[in-house]
Amino acid sequence: MGFSDIEIKRIDKLVGERFRNRVPLEIQNKLQNEVRIEGYNVIISEVRPAWENPDEWLPLDFAKLKFIRSKNIWKLYWKRASGKWEFYEPKGEAKNLKTLADVIDEDRFGCFFG
């Protein structure tokens, strides 16, 4: 079980469009942002052409928004260099998805965009 079609459209509007449009048009042939939904997780990735094969694009996940339906709350995680997801401190939890999308966009500590 996962999000309903209406929820998916809302997530795409709040998160998908926002982060896909964050990359300027003139460099989208070298860098793109991708948003995918897996169960109750919304994962944001930076996607670039592979070094050894530019026709192959490789995703690098950098943010995960997890919805806890029983509590009606969103949690934010960032991906460490080790590949492990880490709960984002100090603002890693909110009832509103837009609030956490704003936190990612601000990237106050350089966890998402470096």
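Two strands count as a pair if DSSP finds at least two bridges between them, and strands themselves are DSSP runs of at least two residues, numbered from the N terminus. Keep that in mind while you look around this model, which is predicted.

**The overall layout**

Let's start with the big picture. The protein chain has two helices and six strands. What order do the elements run in from the N terminus? They go α-β-β-β-β-β-β-α, starting at the N terminus.

For 114 residues, a compact globule would have a radius of gyration near 13 Å, and the chain comes out at 14 Å, so the two agree. Buried residues make up 34% of the 114 residues. Among contacts with a separation of 6 or more, 36% are between residues 24 or more positions apart.

Now zoom in on the strands. β1 and β2 run antiparallel and are joined by seven bridges. To see who faces whom, find Arg36, which stands opposite Ile43 in β2. Glu34 also has a bridge partner in β2, namely Ser45. The hairpin of these strands has two residues between them, and Gly39 takes a positive phi near 65° there.

β2 also pairs with β3 (residues 57-68): nine bridges join them, and again the strands run antiparallel. Here Pro49 stands opposite Trp57 in β3.

**Rings meeting rings**

How many aromatic pairs does the structure hold? There are ten. One of them is Phe3 with Tyr40, an edge-to-face pair with 5.1 Å from centre to centre and 80° between the planes. This pair ties together distant parts of the chain: Phe3 sits in the segment before α1 (5-20), while Tyr40 is in the loop between β1 (32-38) and β2 (41-49), 37 residues away.

Another pair is Tyr88 with Phe112, whose ring centres are 5.2 Å apart and whose planes meet at 35°, so this pair counts as tilted. Are Tyr88 and Phe112 buried or exposed? Both are buried.

Going back to Phe3 and Tyr40, these two belong to one aromatic cluster together with Phe67 and Trp74.

**Charges over rings, and a look at Phe113**

Rings can have a charged side chain over them as well. Lys64 lies over the face of Tyr77, 5.3 Å from the ring centre. Arg22 does this with Phe113, at 3.6 Å from the ring centre.

Phe113 is worth a stop. You'll find this residue in the segment after α2. Which residues does Phe113 contact, leaving aside neighbours within four places in sequence? The contacts are Phe19, Arg22, Asn33, Phe62, Ile104, Asp105 and Asp107. The C-alpha atoms of Phe113 and Glu46 are 9.1 Å apart, even though 67 residues separate the two along the chain.

A few spots in the backbone deserve a glance. The peptide bond from Glu89 to Pro90 is cis, with omega near 10°. Pro90 belongs to the loop between β5 and β6. Asn72 isn't a glycine, yet has a positive phi of about 55°; this residue is in the loop between β3 and β4 (73-79). Asp107, another non-glycine with a positive phi, has a value near 45° and lies in the segment after α2.

| Residue | Relative accessible area | Class |
|---|---|---|
| Phe3 | 10% | buried |
| Asp107 | 11% | buried |
| Tyr40 | 21% | partly exposed |
| Phe113 | 29% | partly exposed |
| Asn72 | 44% | partly exposed |

Why does Tyr40 count as partly exposed? Buried means under 20%, and Tyr40 is at 21%, so it falls in the partly exposed class.

Conventions: Residues numbered from 1 in each chain as written. Predicted model: local features only at pLDDT ≥ 70, side-chain atom pairs only at ≥ 80, totals over all residues. Heavy atoms only, no water. Phe/Tyr/Trp six-rings, centres within 6.5 Å; stacked < 30°, edge-to-face > 60°. Helix = DSSP H or I, 4+ residues; strand = E, 2+ residues; numbered from the N terminus. Buried < 20%, exposed > 50% of the residue type's maximum accessible area, 1.4 Å probe, protein only. Lys NZ or Arg CZ within 6 Å of the ring centre and 35° of its normal. Rg over C-alpha atoms; globule rule 2.2 N^0.38 Å. Contact = heavy atoms within 4.5 Å.
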